[in-house]
Amino acid sequence: PADTKPPAGTGVRGEGDMPGVVIVGAQWGDEGKGKATDVLGSRVDYVVKFNGGNNAGHTVVIGDQKFALHLLPSGILTPDVTPVIGNGVVVDISVLFSEIDALIERGVDPSKLLISNAAHIIAPYARTLDNVTERFLGKRKIGTTGRGIGPAYADKINRLGIRMGDLFDEPLLRDKIEGALEQKNHLLVKVYNRRAITVDEVAEELLQYRDRLEPMVTDTSLVLNQALDRGETVLFEGGQATMLDVDHGTYPFVTSSSATAGGASTGSGVGPTRIDSVIGIVKAYTTRVGEGPMPTELFDESGQHLAQVGHEFGTTTGRPRRCGWYDAVIARYASRVNGLTDLVLTKLDVLTGLEEIPVCVAYDVDGTRYEELPQDQAAFAAATPVYEYLPGWSEDISGAREFSDLPQTAQDYVMALEKISNCRISAIGVGPGRDEIIVNHDLLHARGE
Ligand code: IMP
């Protein structure tokens with residue numbers, strides 16, 4: 001009953017509370033989180049994006065329509081869901097509205113979207129700085145998406161950032177832009193040989209969206225905690241992935257935000273006591289875009305085969321993804337640093353037709369076997385995979401809807417991954433379509449189940 005509920009924001013669970021569920025990528029991104037989110041979509045009341053910006057790329061296939069979302073939470077496609085952009089996100093407002101307008105054109109109603117007043121804005125100079133910094137880094141470059149993500153988070157941590165709420169206080173906004181530009185213009189002009197930017201041009205670009213933004217910008221932490229108090233379900237959708245997390249990923253070849261489960265709390269203003277399950281999305285093989293180490297990367301025909309069959313080209317940048325076999329060391333690590341309760345294994349169908357499938361169970365670094373991720377950057381860069389070889393299958397599995405519909409060797413492959421990844425596999429993707437999935441365990445379960 002409503003009167004036994006604790007007040008909003010206390011973090012105390014009331015009787016009959018429904019879960020707070022986190023979804024994170026367990027590898028280097030592009031694991032198919034959009035699809036997993038979408039599968040839960042109709043049973044969820046809120047979908048919250050808690051980190052990253054328009055560096056993400058979710059592809060969701062509905063009927064014969066393919067939607068590529070970069071900034072908006074994938075819940076935007078489900079009519080009864082309220083999509084939320086949390087405080088942990090950095091927002092490029094022009095991209096936001098081009099995505100919103102494109103959705104409206106295709107008949108999707110995005111009017112329920114809420115944006116945290118504390119979310120930071122990717123200012124136009126952040127984009128410029130992202131690209132010039134990468135150029136100046138030369139061979140040390142990160143291979144960023146060039147969307148201004150790193151510089152926007154750097155400004156946030158440097159306390160030079162501009163937040164969504166600032167748009168509604170023009171003198172404050174102009175003052176903040178002026179403060180930021182005093183520093184940026186020195187950098188742009190004296191170091192990077194670019195032209196100086198004026199306060200007016202930045203203010204004008206940002207303020208043109210103010211009226212459209214006004215109904216969306218709010219205290220989303222309060223909205224979400226109140227929703228949990230009412231017993232509604234909140235899904236926290238992580239952008240990027242565990243190995244790109246600024247703390248737990250392959251630093252410095254990472255993104256600039258908290259892409260692991262802890263980021264769901266800091267990036268939304270919902271405390272960890274209100275999160276009941278943490279679902280990691282893992283592809284049946286591994287991909288990575290951008291620079292940085294990737295122990296199972298393939299440079300031969302098998303890599304090209306995975307790229308072609310799995311359509312491994314970036315949703316955001318179109319870059320070809322680096323492909324390799326499943327890496328259980330990374331899956332175990334992801335399971336640990338996120339406290340995963342479930343794994344969703346995606347793209348199992350891409351492996352169909354292979355005679356045997358190598359799976360990396362440990363690393364070898366100069367003759368030493370590592371069962372856990374080496375913490376030393378040089379050791380991880382030098383790690384070579386120790387493979388076990390599992391038998392493949394040739395049958396088309398895209399029609400499988402029950403685990404028992406899979407050929408025995410595919411079942412064995414999944415069970416082997418579950419064992420070496422230290423987490424149960426609760427669902428298995430067998431094709432790109434919305435319904436091409438096998439669900440072994442309900443993903444909306446309460447803690448302790
Ligand atoms: P940034 O996020 O643009 O700063 O890029 C930092 C690193 O994260 C680069 O290696 C990018 O390729 C990678 N990255 C960023 N977003 C994604 C994503 O959604 N999927 C996969 N990789 C990403």
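View 1. Leaving aside neighbours within four places in sequence, isoleucine 330 is in contact with Ala26, Gln27, Trp28, Met243, Tyr363, Leu373 and Phe380, where contact means heavy atoms within 4.5 Å. This is a predicted model, in which local features need pLDDT of at least 70 and side-chain atom pairs count only at pLDDT 80 or more, while totals for chains, interfaces and linings use all residues. Residues are numbered from 1 along each chain as its sequence is written, and side-chain values use heavy atoms, with hydrogens and water left out. Isoleucine 330 lies in helix H11; helices (H or I, at least four residues) and strands (E, at least two) are DSSP runs, numbered from the N terminus. With a relative accessible area of 1%, isoleucine 330 is buried; buried means under 20% relative accessible area, exposed over 50%, and partly exposed in between (1.4 Å probe, protein chains only). Its C-alpha atom is separated by 42 Å from that of valine 202, 128 residues apart along the chain.

**View 2. Helix H11 and what covers it.** Helix H11 (residues 328-338) is mostly covered, with 9 of its 11 residues buried. Those buried residues are Ala328, Val329, Ile330, Ala331, Arg332, Tyr333, Ala334, Ser335 and Asn338. The cover over them includes E1, strand E11 (277-283), strand E14 (326-327), strand E16 (356-365), helix H12 (377-382) and helix H13 (408-421).

**View 3. Tyrosine 370 in strand E17.** Look for tyrosine 370 in strand E17 (residues 368-370). Its relative accessibility is 27%, so tyrosine 370 counts as partly exposed. Not counting residues up to four places away in sequence, tyrosine 370 touches Ala362, Tyr363, Val365 and Ala379. Between the C-alpha atoms of tyrosine 370 and phenylalanine 380, 10 residues apart along the chain, the separation is 9.8 Å.

**View 4. Two nonpolar cores.** In soluble globular proteins, nonpolar side chains tend to be buried together. Here, a nonpolar core is a set of buried Ala, Val, Leu, Ile, Met, Phe, Trp, Tyr and Cys residues joined through side-chain atoms within 4.5 Å. The largest one has 55 residues, and those with the most contacts inside it are Tyr326, Leu345, Leu348, Leu351, Leu406, Tyr413 and Ile428. Setting aside residues up to four places away in sequence, leucine 348 touches Ala284, Trp393, Ile397, Leu406, Tyr413, Val414, Ile428 and Gly429. A second, separate core has 41 residues, including Phe67, Ile115, Ala123 and Val217.

**View 5. Helix H8 among the strands.** Helix H8 (residues 220-229) has 7 of its 10 residues buried, so it is largely enclosed by the rest of the structure. The buried residues of H8 are Thr220, Val223, Leu224, Asn225, Ala227, Leu228 and Asp229. Among the elements covering them are strand E1 (20-25), strand E2 (46-49), strand E5 (82-85), strand E7 (114-116), strand E9 (217-218) and strand E10 (234-237). Threonine 82 is found in strand E5 and is buried, with a relative accessible area of 11%. Leaving aside neighbours within four places in sequence, threonine 82 is in contact with Asp45, Tyr46, Val47, Lys112 and Leu114.

View 6. Two packed helices are described by the angle between their axes and the distance between the axes. Axes are lines fitted to C-alpha atoms, for helices over the stretch in contact, and angles run from 0 to 180 degrees between N-to-C directions. The axes of helix H5 (residues 170-191) and helix H6 (residues 199-207) come within 10 Å and cross at roughly 130 degrees. The contact is made by Glu170, Leu173, Arg174, Ile177, Glu178 and Leu181 of H5 and Val199, Asp200, Val202, Ala203, Leu206 and Leu207 of H6. The axes of helix H3 (residues 124-137) and H5 come within 12 Å and cross at roughly 35 degrees. Here Tyr125, Thr128, Leu129 and Phe136 in H3 meet Ala180, Leu181, Lys184, Leu187, Leu188 and Val191 in H5.

**View 7. Backbone details in the loops.** A cis peptide bond joins tyrosine 251 and proline 252, with omega about 5 degrees. Arginine 159, in the loop between helix H4 (149-157) and H5, has a positive phi near 65 degrees. Arginine 159 is exposed, with a relative accessible area of 76%.
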